[in-house]
Amino acid sequence: MTMRNGRTVRDLRRENRTAVLQRLYFDGPMSRFSLGPATGLSSGSVSNVVAELVAEGLVEEAGSVDSAGGRPRTLLRITPGSGCMIGVDVGETRVRIELFDLTMTELARTERPLAVDSPSPHDRYEVGVVVEHVRAGIAEVLDTAGVPVEGLLGVGVGVPGIVARTAEEGAVVHGQTIGWDAVPLERLLRESVDLPASVPYWIDNGAKTLGQAEMWFGAGRGARSAVVVLFGSGVGACVVTDPTESGRALEWGHLTVRVRGRRCRCGARGCLEAYAGAEALLERWREAGGRPPAGADEETALTAMLAAAYPADPAAAPDATALEVLEETAEYLGAGFGDLVNLFQPERILVGGWAGLQLGARFLETVKGYATEYALTYPAARVGIGLGTLGPDAVTVGAAILPLADFFARGGRRAEAETVEEQPAWASTVRERAAR
């Protein structure tokens, strides 16, 4: 049946289910009585939707709360074991794979190191090696948690670069800085990973998945708009203008900050990444006469640089070379933040990524000062700049949110499940395994 606005009764049921699931997910446990005003649905609609979701195992009772003069009201919550998602972070030094239940509780994880001593990032990110890491990691986390693939809602993958989609190949990755030229990653994963064809893959930019995680669970909660920046070997960002929707990835690291400046990994000159990414930052320190630890990976070397510039012993003299490079980097970052403020006028700018969390803890206040100098006064006075709160796992968490968000958008049904009867056949098995 089609209504006047073109929506069908089926569309309306899906939207009602989505509204209830989202409110229970973000604000639960809640009673049926509280769900009405929270979702804008009538008490009858709430009762019908809740009855469906409880019967399918997606929602369960979670105690009760006293009411004003009446019987206690039963609280409801999302059933943690009614589904699971895998998040993958194709990072600079390793591929991290994590398995989560429906409430984003981690069930299992594994990390597969990349060859950090490779002569170039292109060698480190050899496509076949990355695909094999993802394949083996997915098999490992499912086996470790004892979760059957029938309970898997999807696999989310965060990658460096621009992600496009085609009807023939699915998600295709254009990762110029890592040597990926139109890599058909979704097709390669489907051919390699031993999962049913019905399990969806959600592949997106790593900065975008980081932004998704911080907006749902981290420092972005409650913000109407935000820009979340990711600092690692390189630099990326995501702009979010609706907290319930996924953001838009920005190649912010390839904004030109100095005409005819340093050569960037992308091949251009003067990119912000050529000055502020961890790889470039350490290279600039080395060129200026600094001595990063021999044979150390980037994370260890950056820790050493910060320790040299900001010694723990107040009586010790700082390494003047390291300090000068870091102070110059703070100004470049401040100018880059100023551009973000002027372009998007966000409510918040959040800093994440392993390098961003290390750097931010040391000189974020200095960066804020430069951002104020380089931005227009009105939007600069209305933006809060701070660190993300989810730590180094944020990209993986955000990647796992991608299939979860789609699941909610479908009203708690899989992409291939068109009726209630098709959906919950596996749910009891997943709940039993997750409860062990």
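Helices (H or I, at least four residues) and strands (E, at least two) are DSSP runs, numbered from the N terminus. This is a predicted model, in which local features need pLDDT of at least 70, side-chain atom pairs count only at pLDDT 80 or more, and totals for chains, interfaces and linings use all residues. Residues are numbered from 1 along each chain as its sequence is written, and side-chain values use heavy atoms, with hydrogens and water left out.

**Figure 1. Overview of the protein chain.** The protein chain has 15 helices and 16 strands. Its radius of gyration (taken over C-alpha atoms) is 24 Å, close to the 22 Å that the globule rule gives for 436 residues, so the chain is as compact as a globular protein of that length. The globule rule is 2.2 Å times the number of residues to the power 0.38. Along the principal axes, the C-alpha atoms fill a box of roughly 70 × 50 × 45 Å. Of the 436 residues, 50% count as buried; buried means under 20% relative accessible area, exposed means over 50%, and partly exposed lies in between (1.4 Å probe, protein chains only). The accessible surface comes to about 19,400 Å², and carbon and sulfur atoms account for 50% of it. Accessible areas come from the Shrake-Rupley method with a 1.4 Å probe, and for residues only the protein chains shown count as cover. Contact means heavy atoms within 4.5 Å; among contacts between residues at least 6 apart in sequence, 60% join residues at least 24 apart.

**Figure 2. Helix α1 at Thr 18.** Thr 18 is found in helix α1. Thr 18 is buried, with a relative accessible area of 11%. Leaving aside neighbours within four places in sequence, Thr 18 is in contact with Phe 408, Ala 409, Arg 410 and Gly 411. Thr 18 and Val 351 are 333 residues apart along the chain, and their C-alpha atoms are separated by 31 Å.

Figure 3. Gly 28 and Pro 29 are joined by a cis peptide bond, with omega about 0 degrees. Most residues other than glycine have a negative phi, and most peptide bonds are trans. Pro 29 lies in the loop between α1 (9–27) and β1 (30–31). With a relative accessible area of 42%, Pro 29 is partly exposed. Contacts of Pro 29, apart from neighbours within four places in sequence, are with Ala 62, Leu 75, Leu 76 and Arg 77. The C-alpha atoms of Pro 29 and Gly 267, 238 residues apart along the chain, stand 51 Å from each other.

**Figure 4. The largest nonpolar core.** A nonpolar core is a set of buried Ala, Val, Leu, Ile, Met, Phe, Trp, Tyr and Cys residues joined through side-chain atoms within 4.5 Å. The largest such core has 47 residues, and those with the most contacts inside it are Val 229, Phe 231, Trp 252, Met 305 and Phe 337. Elements giving two or more residues to this core include β12 (226–231), β13 (235–240), α10 (298–309) and α12 (354–374). The most comes from α11, with 10 residues. Not counting residues up to four places away in sequence, Phe 231 touches several residues, among them Trp 252, Ala 276, Leu 333, Phe 337 and Val 351. A second, separate core of 34 residues includes Tyr 125, Val 155, Trp 180 and Val 183.

**Figure 5. Helix α9 and its surroundings.** Ala 278, Ala 280, Leu 281, Leu 282, Arg 284 and Trp 285 are buried in α9. The buried residues of this helix pack against α8, α10, α11 and α12. Gly 289, whose phi is positive, near 110 degrees, follows α9.

Figure 6. Ala 182 has a phi near 55 degrees, a positive value in a residue other than glycine. Ala 182 is found in strand β10 (residues 180–183) and counts as partly exposed at 35% relative accessibility. Gln 345, also not glycine, has a positive phi, near 45 degrees. Gln 345 lies in the loop between α11 and β15.

**Figure 7. The loop at Val 149.** Val 149 lies in the loop between α5 (127–145) and β7 (152–159). Its relative accessible area is 24%, so Val 149 is partly exposed. Beyond neighbours within four places in sequence, Val 149 is in contact with Leu 142, Leu 195, Pro 196 and Arg 414. Val 149 and Thr 303 are 154 residues apart in sequence and 40 Å apart in space, C-alpha to C-alpha.
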